Amino acid sequence: MAERDAVRRAGPARQRPDPAGKHYEEEEEEDALPDSDALPDSDDEVDLDKPRPIQIVLAHEDDHNFELDEEALEKILLQEHIKDLNIVVVSVAGAFRKGKSFLLDFMLRYMYNRTSPCWIGGNTEPLTGFTWRGGCERETTGIQIWSEVFVIDKPNGTKVAVLLMDTQGAFDSQSTIKDCATVFALSTMTSSVQVYNLSQNIQEDDLQHLQLFTEYGRLAMEEIYQKPFQTLMFLIRDWSYPYEHAYGLEGGKKFLEKRLQVKQNQHEELQNVRKHIHSCFSNLGCFLLPHPGLKVATNPNFDGRLNDIDEDFKKELRNLVPLLLAPENLVEKEISGSKVTCRDLVEYFKAYIKIYQGEELPHPKSMLQATAEANNLAAVAGAKDLYSKGMEQVCGGDKPYIAPSDLERKHQDFRESAVRQFRSVKKMGGEEFCRRYQEQLEVEIDEIYANFVKHNDGKNIFYAARTPATLFAVMFAMYITSGLTGFLGMNSIATLCNLVLGMALISFCTWAYVKYSGEFREVGTAIDQIAEAIWEQRNPRKVFSKLFEVLRRRTIRRALTSVPRQRLSSNNNKKKN
C-alpha cells in the first residue's frame, strides 16, 4: 500500500480553512498518538474550540479490554446545537497500515470545503487531521472521532449531524482476534456507513473475517427482526486491474457482484459466508481506488501533498468522498428502524461497550485455535466413546452385578486404553495445549465411572434393600434398648430411644410412599443418604459397645448412690434401739 509507507513530517503550524472561510492554526503534533492511558479525559483537555481527533474507546493492552471515555463522548455529542439532531456516522475499518486515517483526512478536507469545487486542497498543502504516518507499526488504537460534528442541510430541508470515526487497524502484532472483532463490531454497530478498507482485492479470508466480526456484533445486539447493519462500502485500495473492472463505483459494483455471487457448485462454507454478509447489511457497495503513485510509496518525507500523488488517484478520490459525504448521499443512523440522534448514540455506545466488557459473549478465536480445539475435542469424544463401550460390556444394560473390586480394575484398564487412544490421535495446538484436553478427558472418564458404579450398585438386591433394612435395624435396636433401659429405670434413655424409634418408623413409611408414588424424590434421596451413612458405620461392636458402656456406668452410679442410703437407714435404726 502506497500510503502505508508515507511519513508525516512534523513541521511548523499549519492552517486549514473552516466552513465559514476562516482559518485556524493547527499546532505542531507528534508523529505517534499518545498511549491510551495518557489521552485527555478532563474538560480542560478535551478542547472543542480546536478540532482534532479524540479517542473515545481506549484500548488497554495489558488485559486486552476496552473502556469508553464517556466524558469525552458526551462533551462532543451532547452539545446543545446538535444533541437532538439525527446523526450520520461514517467509519473506516480494516487491517492496520492500509491508509484508513489518510483517507479520513481527505474526508475532513471535503467537510470543511464542501461548497468549493477545489475541496481536495492545494498541491503543496500538507495533509492534516487524524494522525497518520508511514512505517510498519500501527498508529491508531481503539476508536477515535473528530471532535467537530458537522451540521449539514440535506436536500429535503432537514439538518443532520455528521461524525467521522477512525478505528484501530486489525491483525497487528499486539491485538488478539477478540480485540479486532470488538473494534470492528463496535464501529459497525454505531456507524451508518462502514467503509471496509482492503488492499488490492477482496480475498476469501477478508470475507471470512467480515463474517466473524459482523456475527460478533450481531450477538451483542438485542432481538433482530431485520438486517442489523446499514451500509457497507468495500473500498479496494491499489486496484491493479482496471482493464477487467474500471476504477470507481460502477466497476466496483460489478466486481462485488461477482465476488459475492452464490453459485450452486460452490462449497457450502463459501455459500454460507456470502449469505451471511447479504443478511447483515441493508446496502452493499464497492469502490475501486487506484494506486496513489510511486512517490507516495517510496518518499520517506511524504506528508500528503497532492503534488506527490498520481492524477488517477486524485480523480477517483474526488468521486469517492462526495459519494459518502455529499448532502444528498448522507445515510442517517438507524437502529431497529428508528432514527438515532446524537443523544441516543451516547447511550448506545455505553450499552454496547458494557456488553463487550462482560463475559456474556463467546470469545472469538483464530482459525488455528478454533481448529485445534475442534481437533482435540473430537479426540476426547473418541476416547470417551471407547471407554464407555468397554464399560458397557462389563456392567452396562442387562449385565449382571460385578464385584466393586473387579469393576475398579476394569475401569483402570479402559481408562488407560482411552488415554492411549487420545495420545495416538494426531492433534493440533502443541503438547501443552493438548495436555489440557487430556486432563479434561481423565476428569470426564472419572465422572462416567461414578455413574457406572451407581448403575452396578443398583443391580445388587442387597444394596436396593439397604435403606429399609437399615431402618428396620434401627427400629429393632431402639425397641430392645428402650425395653432394657426402661426395665433398669433409665427412663430418660428409654424415652430417647422411643423417639428415635418413632422417627425411624416415620422415615420408613415416607420412603415407602416415595418409592411407590414417585413424588418427593428429594426426600427419598435424603433418607437413602442417611441410611447409607448409618450402614457404613454398621459394626455392631462399635454401636453396642458404647451402649453397654453407658449402661454399665449408670448401673455403677446407681449402686454407689444406694449404699450410703442403706448405711444411713441402718444407723437410724440403731439410734432408735
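## Basis of the model

The model is predicted: local features require pLDDT of at least 70, side-chain atom pairs count only at pLDDT 80 or more, and totals for chains, interfaces and linings use all residues. Residues are numbered from 1 along each chain as its sequence is written, and side-chain values use heavy atoms, with hydrogens and water left out.

## Overall make-up

The protein chain contains 17 helices and 13 strands; helices (H or I, at least four residues) and strands (E, at least two) are DSSP runs numbered from the N terminus. Of its 577 residues, 44% are buried, where buried means under 20% relative accessible area, exposed over 50%, and partly exposed in between (1.4 Å probe, protein chains only).

Among contacts (heavy atoms within 4.5 Å) with a separation of 6 or more, 75% link residues 24 or more positions apart. The chain exposes about 30700 Å², of which carbon and sulfur atoms supply 52%; accessible areas come from the Shrake-Rupley method with a 1.4 Å probe, and for residues only the protein chains shown count as cover.

## Strand E5 and its partners

Strand E5 (residues 86-94) is mostly covered, with eight of its nine residues buried. Two strands are taken to pair if DSSP finds at least two bridges between them. E5 pairs with strand E8 (residues 159-167) in the parallel sense over seven bridges, and Val90 has Leu164 of E8 as its bridge partner. E5 also runs parallel to strand E9 (residues 193-199), to which five bridges join it; here Ala93 stands opposite Tyr196.

Helix H8 (residues 311-325) has 15 residues and reaches 21 Å from its first C-alpha to its last, close to the 21 Å expected at 1.5 Å a residue; the expected span is 1.5 Å times one less than the number of residues. Its buried residues include Phe313, Leu317, Leu320 and Leu324. The buried residues of H8 pack against E5, E8 and E9, as well as helix H2 (100-112), strand E10 (229-237) and strand E11 (281-288).

Helix H6 (residues 268-280) reaches 18 Å over 13 residues, close to the expected 18 Å. Among its buried residues are Val273, Ile277 and Cys280.

## A nonpolar surface patch

Phe476, Tyr479, Ile480 and Leu484 form a nonpolar surface patch with about 450 Å² of accessible area together. Patches are made of residues with over 30% relative accessible area and no salt bridge, like charges being joined within 9 Å and nonpolar side chains (Val, Leu, Ile, Met, Phe, Trp, Tyr) within 5 Å; a salt bridge is a side-chain nitrogen of Lys or Arg within 4 Å of a carboxyl oxygen of Asp or Glu. Tyr479 lies in helix H14 (residues 466-487) and counts as exposed because its relative accessibility is 57%.
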